[in-house]
Amino acid sequence: MDAVVFTKSRQEYGMLSGILADESPGMRVSQGSMDGHYHLEHKYDIVVVGVDGAQGMELVCAYRERFGDALVIWITDDPYFAGVAIRTHIFDFIVRPLAESRFRETVRKLMAGKTDSWQRIPTARGRRNIMRTPLPSGAAVKTAAIRKRMVRSQRRPTAKLCNMESRSR
């Protein structure tokens, strides 16, 4: 098995690569280049993205578009990217501060083969828009419920209230 870790911190790379090597003897772990370009020439079985914000999102999406059946673990400090994580069908989404035990648990699940079929998108010919892939069944229900709540909270006053206001004038 091959794994790659994309992170800007040498200390974080050391911790993540050490856990990957401990939990899976014989795994080859390399550090992804973070020079502003996405070097996606080689397909890895496991991809760990420890990059925050939109740059991390772009890297996850680019890798999933190119190699759809790779298992991606995304570590970020922004929980608002969870929706993108669901749509890109990543293996795990971890919000910082990163606990070593949390990452170790994720790697153990991955090595035990506890992956769902929707977490491995089959690779298509050419490029495909990963943001248009269907959501897994549980995620679609959760997303619909969240949208309903958002719509309800943004509703305008009911017609009765509007009519009452116009009558009082």
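Predicted model: local features only at pLDDT ≥ 70, side-chain atom pairs only at ≥ 80, totals over all residues.

Biologist: Where is Asp 52 found?

Modeller: Asp 52 sits in the loop between E3 and H2.

Biologist: What is Asp 52 in contact with, leaving aside its neighbours within four places in sequence?

Modeller: Its partners are Ile 75, Thr 76, Asp 77 and Arg 96.

Biologist: What makes the pair of Asp 52 and Arg 96 side chains a polar contact?

Modeller: A polar contact needs N or O atoms within 3.5 Å, one able to donate a hydrogen and the other to accept it. The two side chains come to 2.3 Å, so the distance meets the cut-off. The side chain of Asp 52 also reaches the backbone nitrogen of Asp 77, at 3.0 Å.

Biologist: Now the sheet. What is the order of its strands?

Modeller: The order is E2-E1-E3-E4-E5, in an open sheet of five strands with parallel pairing.

Biologist: Why are E2 and E5 called edge strands?

Modeller: Strand E2 (28-31) and strand E5 (92-95) each pair on one side only. From one strand to the next, the twist averages 15°.

Biologist: How do you know that E4 and E5 pair?

Modeller: Pairing takes at least two bridges. Four bridges join E4 to E5, so they pair. Across this pair, Trp 74 stands opposite Phe 93 in E5.

Biologist: Which strands does helix H1 touch?

Modeller: H1 (residues 10-23) packs on the sheet and touches E1, E2, E3 and E4. Its direction makes about 160° with that of E1.

Biologist: How do you know that the length of H1 agrees with its residue count?

Modeller: At 1.5 Å a residue, its 14 residues should span 20 Å. The end C-alpha atoms are 20 Å apart, so the two agree.

Biologist: Which residues of H1 are buried?

Modeller: They are Glu 12, Tyr 13, Leu 16, Ser 17, Ile 19 and Leu 20.

Biologist: What puts them on the same side of H1?

Modeller: They cover an arc of only 155° around the axis, so they share one side. On the other side, Arg 10, Gln 11 and Asp 22 are exposed.

Note on methods:
Residues numbered from 1 in each chain as written. Heavy atoms only, no water. Helix = DSSP H or I, 4+ residues; strand = E, 2+ residues; numbered from the N terminus. Axes fitted to C-alpha atoms, helices over the stretch in contact; angles between N-to-C directions. Contact = heavy atoms within 4.5 Å. Expected span 1.5 Å × (residues − 1). Buried < 20%, exposed > 50% of the residue type's maximum accessible area, 1.4 Å probe, protein only. Arc of directions from axis to C-beta.
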